[in-house]
Amino acid sequence: MQGDGNGWVEGPNGQKMWGKHGAAGLFLQATHGGEPVVLMQHRAPWTAQGDTWGIPGGARDSHETASQAALRETEEECGIDWGEVDVDKELVTSGPAPSGWTYTTVLARVRSGEPLETTANEESVELRWVPLKKLEELALHPGLRAALPDILRHTVSHD
């Protein structure tokens, strides 16, 4: 059922985490000027871990795979059409918690190779294509900061 994943659960270390069935985000890569870039979202202050930079994503619904949830959330938050994206792999980057909660980072690339235009919804202060080598300069969401070394080991540019 659509939207049945919205809600808080106990996550790793007893923290409150969003997504009754876990959560997923899209680590979407493209190339700009011969350099790999990633779509980053400056999260609105009212969101969980707001005013940090992360990847588009959110709660998984009961019927969704991590990839389906990440693509749906990216369309909702950034206006990106799923048909423009090729999924490479799913990487569990947080959890599992005793509740079963996990966060899955979905590694993907823009089919055309070039950054796509974006349209931010109310969950974003800004959307930006950021060079891969400059990600750590941003005020990253704590979960993304912790997972970034593992994510980078698995990205297309680092295989």
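Me: Where does asparagine 121 lie?
Reply: Asparagine 121 lies in the loop between strand E8 (103-110) and strand E9 (124-131). Keep in mind that this is a predicted model.

Me: Is asparagine 121 buried or exposed?
Reply: Buried, because its relative accessible area is 17% and the cut-off for buried is under 20%.

Me: And what does the side chain of asparagine 121 have 2.9 Å from one of its polar atoms?
Reply: The backbone nitrogen of glutamate 123. If you leave aside neighbours within four places in sequence, asparagine 121 is also in contact with Glu76 and Glu77.

Me: Switching to the largest nonpolar core: which residues touch the most other members?
Reply: Phe27, Met40 and Leu135, out of 23 residues in that core. Strand E3 (23-32), strand E4 (35-43), E8 and helix H2 (142-154) each give two or more residues to this core, and the largest share, five residues, comes from H2.

Me: What is leucine 135 in contact with, leaving aside its neighbours within four places in sequence?
Reply: Phe27, Val38, Met40, Val130, Leu140 and Leu148. Apart from this core lies another, of 19 residues, with Ala24, Leu26, Val85 and Leu116 among them.

Me: How does the lining of the largest pocket split by class?
Reply: There are 17 nonpolar, 16 polar and eight charged residues.

Terms used
Residues are numbered from 1 along each chain as its sequence is written. This is a predicted model: local features need pLDDT of at least 70, side-chain atom pairs count only at pLDDT 80 or more; totals for chains, interfaces and linings use all residues. Side-chain values use heavy atoms; hydrogens and water are left out. Helices (H or I, at least four residues) and strands (E, at least two) are DSSP runs, numbered from the N terminus. Buried means under 20% relative accessible area, exposed over 50%, partly exposed in between (1.4 Å probe, protein chains only). A polar contact is a pair of N or O atoms within 3.5 Å; within protein, one must be able to donate a hydrogen and the other to accept it, and residues adjacent in sequence count only if both atoms are side-chain atoms. Contact means heavy atoms within 4.5 Å. A nonpolar core is a set of buried Ala, Val, Leu, Ile, Met, Phe, Trp, Tyr and Cys residues joined through side-chain atoms within 4.5 Å. Ala, Val, Leu, Ile, Met, Phe, Trp, Tyr, Cys and Pro count as nonpolar, Asp, Glu, Lys and Arg as charged, and the others, Gly among them, as polar.
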